[in-house]
Amino acid sequence: MKETDREAVATAVQRVAGMLQRPDQLDKVEQYRRREARKKASVEARLKAAIQSQLDGVRTGLSQLHNALSDVKDIQRSLADVSKDWRQSINTIESLRDVKDAVVRHSQLAAAVENLKNIFSVPEIVRETQDLIEQGAFLQAHRKLMDLECSRDGLMYEQYRMDSGNTRDMTLIHSYFGSTQGLSDELAKQLWVVLQRSLVTVRRDPTLLVSVVRIIEREEKIDRRILDRKKQTSFVPPGRPKNWKEKMFAILDRTVTTRIEGTQADTRESDKMWLVRHLEIIRKYVLDDLIVAKNLMVQCFPPHYEIFRNLLNMYHQALSTRMQELASEDLEANEIVSLLTWVLNTYASTEMMGNVELAPEVDVSTLEPLLSPNVVSELLDTYMSTLTSNIIAWLRKALETDKKDWMKETEPEADQEGYYQTTLPAIVFQMFEQNLQVAAQISEDLKTKVLVLCLQQMNSFLSRYKEEAQLYKEEHLKNRQHPHCYVQYMVAIINNCQTFKESIVSLKRKYLKSEMEESISLSQPSMDGILDTIAKEGCGSLLEEVFLDLEQHLGELMTKKWLSGSNAVDIICVTVEDYFNDFAKIKKPYKKRMTAEAHRRVVVEYLRAVMQKRISFRSAEERKEGAERMVREAEQLRFLFRKLASGFGEDADGYCDTIIAIAEVIKLTDPSLLYLEVSTLVSKYPDLRDDHIGALLAVRGDASRDMKQTIIESLEQGPTQVNPNYVPIFKDIVVPSLNVAKLLK
């Protein structure tokens, strides 16, 4: 206490010191004293109230504890009295056991009396129930069955209450009502028959279906009541719970499965279109059944059965199982397409689940896929593998058929514009079109994959086509009389290349999205290159055919016979024109190039004749006559090839100008100007070599050895400027190796 007092005094001193820090605060001392006095009175009042409250609480608690002690003592005395009375009444309870047994027996007898009428009439009720079941009066039959079961269950329950361990009496009751279970099973069998035919029954006799549903609903209520009682008594009558609602859905599920499986009427052996037919029957049956279920069956079942939703799930599951079974079979390519088209497209389309008559109950966006992505992927892989093999086989067969056509004695067919062609491009791209149309029915991705496959196989096919065209040419060269229409079919092969090009472009434009065209087009240059090579080799083969016939007449050029008046160039022109009448059936891009190449080769052969020094002019008169003849023949060739090239919009006169330029060198009368003339010729045709110049001077026949040497050496020292647009014409002309040495002598 002293310590507390000291702390209080110290605190008070501190507070007073805080209040009286300035002189002017001394005037307020009285005011401070009154304020502190009020605070002290207030604190003392609160303290007294708190202490008083605590004292009242303690007083009340002590009073309650005293009362509780008194009550405990009273209870203790009462329990002692009860214990004493219980010990005294034990003998009395033992003497009432007989009364208890009598009460139980009375309860059983009361139940027996209550069911006495039913007990004695059990055989009659059984017969009546059986007759009603056979007559199809299921509601009445079920009512009587319920009475029988109620009597049996009541007796068995009373027996169970009296003596649950007495199995003999329980067995006796059960055997007496033994026919009841048979009637229940028989009725259930008839109900299941109706449910199996529910889609037919609901249209013909919906009342019958409603009766079946009412019976099932009654049994469900009885099951629930018995299960509730089981929680209290542990007693369950025989045959309960029946779970007829659960069995009803199981029956409907089996019926749906059987209906789906039973739609396959054919096999692959009996009908190639068995799967298409099977899937179409499934589609029709499922759509019809669901429409009936939505419009009629829902009216026969309680709403909480959700019969349409359950049937929809059953059909979906049955279809999924069936599709899995079909997918696991060894399907052919067209069958895989039919299955995937049906699963991925038809199922959710307006032809089936998306039908307006099923909306809004059926939302196709919520339906699970019939086949898992893995199964679909496996089927697509199998399809692509099979399709690859099929395309290879089809292309091989198409090429073999085309090769047989090449050997025919009749000309190939012509298209609307008169160009020769074979059926090969049409057959190939018709096959591609068919497969792409089929793939497009399944998905855009598969369509793109099939297009890529077609282009890849086309690439390989064109390589084989090129080889076969080359073999065709080689076989012909062994015997030029066979095949009879070699030229016409080679023309058709060349035209096929252009048709292939156009068809490839058309196919990609039709079946390929623009954003994917760039990546897919990477294969196009390769195919274009092969097709151009085939066409170029074909044109070369035809020109080779021409020049084989011209070989003899080309050999007469620049010979003494030629100088004396040979008609070799006339024959050459007639022969070339005759061949080009057949070549007119070649399509324009290739015909244009072929005409230009023929023009070039004729001129090259003419120049080769000059460079081979078949003749050496002996006089200026001979040189003039030969040169003039060369000019005339050059103009004759120019006229021919202008005629052949008409319509191409291209001038190739430069080739014939080369012959005229050579003729001018030969015609020159003043040998002193020969160097100037030759240098002009070399500047115009930079690919002229020393041996060409030597051969040309040798043909003139008047140039001395020193002059030849001087001209050649001077030309070697002089600069040459090559025109970037110049097309070499002399580089392929070979002068016999001894000519230069001889000419220099």
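## Cavities and a helix crossing

The largest cavity in this predicted model has a volume of about 50 Å³.

**Exercise 1.** State how many cavities of 30 Å³ or more the whole structure holds, and describe the lining of the largest cavity.

*Solution.* Start with the count. The search of the whole structure returns 2 cavities of 30 Å³ or more. Next, list the lining of the largest cavity. Lys 466, Ala 469, Gln 470, Lys 473, Met 490, Ile 493, Ile 534, Glu 537, Gly 538 and Ser 541 form it. Now assign elements. Two or more lining residues come from each of α17 (444-478), α18 (486-511) and α20 (524-555). Finally, sort by class: 4 residues are nonpolar, 3 polar and 3 charged.

**Exercise 2.** Find the volume of the second largest cavity and classify its lining.

*Solution.* The volume is about 30 Å³. Leu 554, Leu 557, Val 569, Ile 572, Val 602, Tyr 606 and Leu 637 line this second largest cavity. The elements giving two or more of these residues are α22 (568-583) and α23 (588-611).

**Exercise 3.** Determine how α18 and α22 are oriented to each other, and which residues meet.

*Solution.* Take the axes. Those of α18 and α22 come within 10 Å and cross at roughly 50°. Apply the cut-offs: under 35 degrees is roughly parallel, and 65 to 115 is roughly perpendicular. The two helices, α18 and α22, are therefore oblique to each other. Then read the contact. From α18, Val 487, Gln 488 and Val 491 meet Tyr 579, Asp 582 and Phe 583 of α22. By class, this contact has 4 nonpolar, 1 polar and 1 charged residues.

How values were computed:
Residues numbered from 1 in each chain as written. Predicted model: local features only at pLDDT ≥ 70, side-chain atom pairs only at ≥ 80, totals over all residues. Heavy atoms only, no water. 1 Å grid on protein atoms, 1.4 Å probe; cavity = no way out; pocket = protein on both sides within 12 Å on 5 of 7 lines; lining within 4 Å. Points joined across faces, edges and corners; volume = space filled by probe spheres on them. Helix = DSSP H or I, 4+ residues; strand = E, 2+ residues; numbered from the N terminus. Nonpolar A, V, L, I, M, F, W, Y, C, P; charged D, E, K, R; others polar. Axes fitted to C-alpha atoms, helices over the stretch in contact; angles between N-to-C directions. Parallel < 35°, antiparallel > 145°, perpendicular 65-115°, else oblique. Contact = heavy atoms within 4.5 Å.
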